[in-house]
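Hi everyone, thanks for making time this morning. I'd like to walk you through a structure, so please have a look at the screen.

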Amino acid sequence: MALLIKNGTIITAESTSQKDILIEGDKISRIEPNIIIDGIEIINAIGKYVIPGGVDVHTHLDMPLGDIVSRDDFETGTRAAAFGGTTTIIDYATQTRGMRMQEALEHWHRKATGKAFIDYGFHMIVTELGNSFDEDIKDIIRAGVTSFKLFMAYPGSLMVGDETIFQALKISSEYGGLICLHAEDGNDIDIRVKQALEAGNISPKYHALTRPPSTEAIAVKRAIELAAKAKAPLYIVHISSSDALKEVEHGKQMNLPVLGETCPQYLFLSIDDIDRPNFEGAKYVFTPPVRERDHQEALWQGIKLNIIDVVATDHCPFNFIGDKELGHDNFSKIPNGGPGIENRLHLLFEGGVNKKRISLNRWVDLVSTRPAKIFGLFPRKGTISIGSDADIVIWDPNKEHIISARTHHMRVDYNMYDGTKIMGDATTVLLRGKIIISEGKWQGRLKHGTFLTRKTPNIR
Ligand code: URP
Ligand code: ZN
Ligand code: ZN
């Protein structure tokens, strides 16, 4: 089966060109001006951008949290992702204490197999190393899961100590893996949360007030020091503040292999949102928390200066009704996490390209190419080149899209960006040569998403 995309403007991280794309089977086979082949299906992309499918390297689908589970599973979450122009995700498989990493990986495979509409890989969340951690890390990397996340926050559940972080950094880098860190000072935060609750401060905004930027920056600094000692690369997830960003910048200036990720919520939302009346602020409870507005421009600046390498979503959806409500009388019981898998390209296009903060090429780099490179998927994913998977998004820069919980495809009862007007939208989406969305209409009859075994991360 061959398919021809004609008359579009191809945007990659490196270049902009006016060429046609021939797809044969799963792959891109030719990229040339004016390809003419009779008798095959043609997509006319005149006036549109043709970009590589988005790569979202931070999602939590079907993730248990206490008695509840994040609302999107691999079926609903990957479908929503596709509507927003994302064709690959890397989801966080979670090893709980007492469980081997191999068991956690099998568990996550069972969640995803046969359900996903787009391709997916896994990272492994490590909550304890156990006696055979050297073997385990090697096994997991061999199974194509080449990155691990550890938490410096949530004492008593996910948090691990510096010794564990150091060991994980050392061993994983020996085998070519990458450690991703959730950098917040969990002990300091715990004291602040207890004090707030004792003083009767129970509303959602205290989630943010008990996790000030200093608690993030201190952890990032410590993390970079540990990585330097272990001579290992380090990826800081969901950077939310200018304070934390400065630490990453400092690490990069010292030529340390430190990489930074931020998420749309830190570029678009602020402490005003978590302070919304009638408990609505609970919709904006995730960690690290929203910040004062001036942090947003600092993060955009970080994007411009390449201090931020990746924009991912940290998609972790919980309903407002029933889930977020669990913390009505105690902000620390509000499930942490927010939805976003569908709107990452929209928001970065609007806030980045349309607002002239970044070029079209940098937009593609941030949402597709750089994440694919860092997490060992490039050049199969993250670019438009001969031999790459034909994961392609036709993006109409002149189509208005109003973000709304009434029309979005995520299985959650609110949208954090409700009412935001975006000039630009994904109209047609291909996964490995198959059209899954055509002119905004769902065509994904089969669940073609497959597990991606990833190569060694490329941090340069
Ligand atoms: O609040 C958040 N971010 N929930 C998801 C887990 C994490 O820390 O990434
Ligand atoms: Zn995290
Ligand atoms: Zn996360």
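This is a predicted model: local features need pLDDT of at least 70, side-chain atom pairs count only at pLDDT 80 or more; totals for chains, interfaces and linings use all residues.

I'll talk about the metal sites and then about the salt bridges.

Residues are numbered from 1 along each chain as its sequence is written, chains are lettered from A and ligands numbered from 1 in the order in which they are written, and side-chain values use heavy atoms, with hydrogens and water left out.

Let's begin with the zinc ion (ligand 3). Its protein donors are H58 (NE2), H60 (NE2) and D314 (OD), 2.0 to 2.1 Å away. By donors I mean N, O and S atoms within 2.8 Å of the metal (3.2 Å for Na, K and Ca); water is not among the atoms, so sites may look incomplete. Along the sequence, these donor residues follow the pattern H-x1-H-x253-D.

What is the arrangement around this ion? The 4 donor atoms subtend angles of 88 to 129°, which makes it tetrahedral; for four donors, that label requires all angles to lie between 85 and 135 degrees. For reference, the ideal angle for four tetrahedral donors is 109.5 degrees.

Are the histidines buried or exposed? H58 is buried, at 0% relative accessible area, and H60 is buried too, at 5%. Here buried means under 20% relative accessible area, exposed over 50%, and partly exposed in between (1.4 Å probe, protein chains only).

Now to the zinc ion (ligand 2), which is 3.9 Å from the zinc ion (ligand 3). K149 (NZ), H182 (ND1) and H238 (NE2) coordinate the zinc ion (ligand 2) at 2.1 to 2.3 Å. K149 sits in strand β13 (residues 147-151), while H238 is in the loop between β15 (234-236) and α8 (242-253), 89 residues apart. Helices (H or I, at least four residues) and strands (E, at least two) are DSSP runs, numbered from the N terminus. Both K149 and H238 are buried.

On to the salt bridges, meaning a side-chain nitrogen of Lys or Arg within 4 Å of a carboxyl oxygen of Asp or Glu. How many are there? The count is 34. One of them joins K381 to D119, with the closest N and O atoms 2.7 Å apart. This pair spans 262 residues, from D119 in strand β12 (residues 119-125) to K381 in the loop between α13 (360-374) and β18 (392-402). Both partners, K381 and D119, are buried. They also belong to a salt-bridge network whose members include D26, R380 and R432.

Terms used: Four donors count as tetrahedral if all angles lie between 85 and 135 degrees; four count as square planar and six as octahedral if opposite donors are over 155 degrees apart and all others between 65 and 115; anything else is irregular.
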